[in-house]
Amino acid sequence: VVILSEVVYEEDAHDALVYTLQKVSREGTLMFSIFCDRPWSFMFFVKLHDAGGFEVAPVPDEDVDLLGMQPDAKVCMHKIVAKAAV
């Protein structure tokens, strides 16, 4: 399991992050990404999609524990699974 916590805030690092995930993943590798929503954060998932080899699905809000953060916090959590031949 790979945990990605607040790693998409630096847009200039998205390409390097996708590359790193490709190198550390094999078929079935399970990853969870969590971050506070920012306008550019979701561009990471566009790059991940375009790279191929990953299935991404949002984790429903009711399944995310905010761990004491304000209920109106825009916290986004995604489940990422590596497909064959990443």
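Colleague: In which loop is E6 found?

Modeller: This is a predicted model, in which local features need pLDDT of at least 70, side-chain atom pairs count only at pLDDT 80 or more, and totals for chains, interfaces and linings use all residues. Residues are numbered from 1 along each chain as its sequence is written, and side-chain values use heavy atoms, with hydrogens and water left out. Helices (H or I, at least four residues) and strands (E, at least two) are DSSP runs, numbered from the N terminus. On that basis, E6 lies in the loop between strand 1 (2-5) and helix 1.

Colleague: What is the phi of E6?

Modeller: E6 is partly exposed, because its relative accessibility is 25% (buried means under 20% relative accessible area, exposed over 50%, partly exposed in between, with a 1.4 Å probe and protein chains only). Although E6 is not a glycine, its phi is positive, at about 55°.

Colleague: Is S41 buried or exposed?

Modeller: S41 is placed in the loop between strand 2 and helix 2. Neighbours within four places in sequence aside, S41 is in contact (heavy atoms within 4.5 Å) with V8, H14, F35 and C36. Its relative accessibility is 0%, so S41 counts as buried.

Colleague: Which residues have the most contacts inside the largest nonpolar core?

Modeller: A nonpolar core is a set of buried Ala, Val, Leu, Ile, Met, Phe, Trp, Tyr and Cys residues joined through side-chain atoms within 4.5 Å. The largest one has 14 residues, and those with the most contacts inside it are L21, F44, L48, F54 and I80.
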